[in-house]
Amino acid sequence: METAEVIILGGGGAGCSTALHLAQRGVRAVLLERGLVGGQASGVNYGGVRQQGRNPAELPIARRSREIWGRLPEIIGTDAEFSETGHLKLARNEAEEADLIAYLDTARQHGLPLRMVGRNAIHRDYPWLGPSVLAGSFAPEDGSANPRLLVPAIAKAARAAGAVIHEQTRVTGYYHGAGRFELTAEDGRRFAAPVLVNTGGYWGGAVAAAFGEAVPIQPLNPNMAVTEPIRYFIEPNLGVVGGNVYLRQIPRGNVILGGGHGESEADPANGRPWSRPLAEVTLETLRHAVRLVPALAGVQLIRSWSGIDGQMPDRIPVIGPSRTTPGLFHAFGFSGHGFQLGPAIGAILAELVTEGRSTTPIDAFRIDRFPVAAATAS
């Protein structure tokens with residue numbers, strides 16, 4: 001039996017950041033990851049470091065996380081290729097333009113710099129945009145990073161700070177009693193601690209259900225692709241109202257784009273989840289991209305992929321203490337937009353574990369906003 005002060009389930013951005021922040025506070029933490037750290041949503045996403053367009057409840061977390069993103073080199077030894085290119089969100093009709101204008105007030109209330117780019121300025125400032133674009137809003141502090149670099153670097157820093165991380169460790173048994181959690185891995189290893197932090201992504205829903213807090217989570221499979229290198233000319237990270245296409249270009253010329261959903265088997269009988277993109281979805285995303293940026297017509301794709309995230313019905317995550325089990329804390333179900341939030345989620349969970357409260361408001365993310373099912377943990 002391996003013991004610790006805190007067990008963390010799930011080695012994505014939220015889980016590894018939690019391990020790092022707890023270790024920095026002198027807390028003995030063990031992280032258990034069913035695959036490899038950063039192997040699912042945190043490592044296969046688009047890489048947007050975006051605050052603009054978020055649910056207002058998420059903006060305090062996003063603002064806190066953006067400050068941490070600016071200090072990544074001193075915290076984890078790399079910037080994970082974070083680049084403050086700005087995020088340009090585009091409107092293609094009057095209703096979408098009205099949506100952008102309405103969001104200006106939300107941004108202002110949370111101190112998020114945002115400026116409207118009107119119908120005349122949008123094509124003057126970005127002459128490579130197609131005629132379907134009417135207007136946009138620009139968030140200068142936003143940008144992008146490389147998801148394949150971030151989580152392994154956080155995990156490395158967490159280990160250096162004293163955290164223990166076990167990869168390829170799928171937990172199949174859960175028990176809570178006498179003030180502690182006991183977890184059993186598929187290979188028979190056992191782990192115990194008085195505190196359990198659930199950052200299991202889509203599979204965080206099963207962990208919550210094991211302690212009587214089933215939630216209506218579904219697997220989410222973003223459909224992603226990348227092109228061959230071309231001349232660099234798209235500096236800002238691009239999104240659209242409605243979200244059916246998003247794209248960014250990296251300095252070496254490749255264009256990374258996404259839209260729609262692939263398919264997956266998140267809970268196969270053999271325990272090895274899989275996901276894959278769909279060709280028809282990729283082609284439709286390309287059509288949307290060419291309408292936004294006509295110069296992308298004829299550019300070759302070199303790879304497409306997907307992954308597995310967890311999506312909640314209201315598209316915001318579960319964050320905070322369990323309502324059924326003392327010592328259990330949740331942060332999962334980020335619904336396709338948790339990459340930017342991950343660094344701050346770890347800081348928030350470390351506060352909850354060690355101080356019983358967070359300096360960042362999280363009440364909107366309570367797990368009991370959903371009906372609580374009967375307990376299944378013994």
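**Strands, cores and rings**

Reply: S1 and strand S12 (residues 190-193) pair in the parallel sense over two bridges. Helices (H or I, at least four residues) and strands (E, at least two) are DSSP runs numbered from the N terminus, and two strands pair if DSSP finds at least two bridges between them. Within this pairing, Thr 3 has Ala 192 of S12 as its bridge partner.

Me: What should I know about the model and the numbering before going further?

Reply: This is a predicted model, in which local features need pLDDT of at least 70 and side-chain atom pairs count only at pLDDT 80 or more, while totals for chains, interfaces and linings use all residues. Residues are numbered from 1 along each chain as its sequence is written, and side-chain values use heavy atoms, with hydrogens and water left out.

Me: What is the strand order of the open sheet that has S1 in it?

Reply: The order is S1-S12-S11-S10, an open sheet of four strands with mixed pairing. Strand S1 (2-3) and strand S10 (171-177) are the edge strands, each pairing on one side only.

Me: Which strands pair with S2, and in what sense?

Reply: S2 runs parallel to strand S3 (residues 29-32), to which four bridges join it. The path from S2 to S3 passes through helix H1 (residues 13-24), and this β-α-β crossover is right-handed; that is, with the strands pointing away from the viewer, the path from the first strand over the helix to the second runs clockwise. S2 also pairs with strand S13 (residues 195-198), again in the parallel sense and over four bridges. Val 6 stands opposite Ala 29 in S3, and its bridge partner in S13 is Val 195.

Me: Are the faces of strand S2 covered or open?

Reply: The test is relative accessible area: buried means under 20%, exposed over 50%, and partly exposed in between (1.4 Å probe, protein chains only). In S2 (residues 6-9) both faces are covered, with Val 6 and Ile 8 buried on one side and Ile 7 and Leu 9 buried on the other.

Me: Which residues touch the most other members of the largest nonpolar core?

Reply: In soluble globular proteins, nonpolar side chains tend to be buried together. A nonpolar core is a set of buried Ala, Val, Leu, Ile, Met, Phe, Trp, Tyr and Cys residues joined through side-chain atoms within 4.5 Å. The largest one here has 49 residues, and Val 6, Ile 61 and Ile 345 touch the most other members. Leaving aside neighbours within four places in sequence, the contacts of Val 6 (heavy atoms within 4.5 Å) include Leu 22, Val 27, Ala 193, Val 197 and Val 353. A second, separate core has 24 residues, among them Ile 122, Ala 225, Ile 234 and Leu 296.

Me: How many aromatic pairs are found in the whole structure?

Reply: Rings of Phe, Tyr and Trp (its six-membered ring) pair if their centres lie within 6.5 Å; planes under 30 degrees apart count as stacked, over 60 as edge-to-face and the rest as tilted. The search finds eight pairs. One of them, Trp 69 with Phe 82, is tilted, at 5.5 Å centre to centre and 50° between the planes. Trp 69 belongs to helix H3 (residues 59-69) and Phe 82 to the loop between helix H4 (72-76) and strand S5 (87-91), so the pair ties together parts 13 residues apart in sequence. Both residues are buried. Trp 128 and Phe 233 form an edge-to-face pair, at 6.0 Å centre to centre and 80° between the planes. Trp 69, Phe 82 and Phe 339 form one aromatic cluster.

Me: Which charged residues lie over aromatic rings?

Reply: A charge sits over a ring if NZ of Lys or CZ of Arg is within 6 Å of the ring centre and within 35 degrees of the ring normal. Arg 248 lies over the face of Tyr 46, 5.5 Å from the ring centre. The charged end of Arg 303 sits over the ring of Trp 305, at 4.2 Å from its centre.
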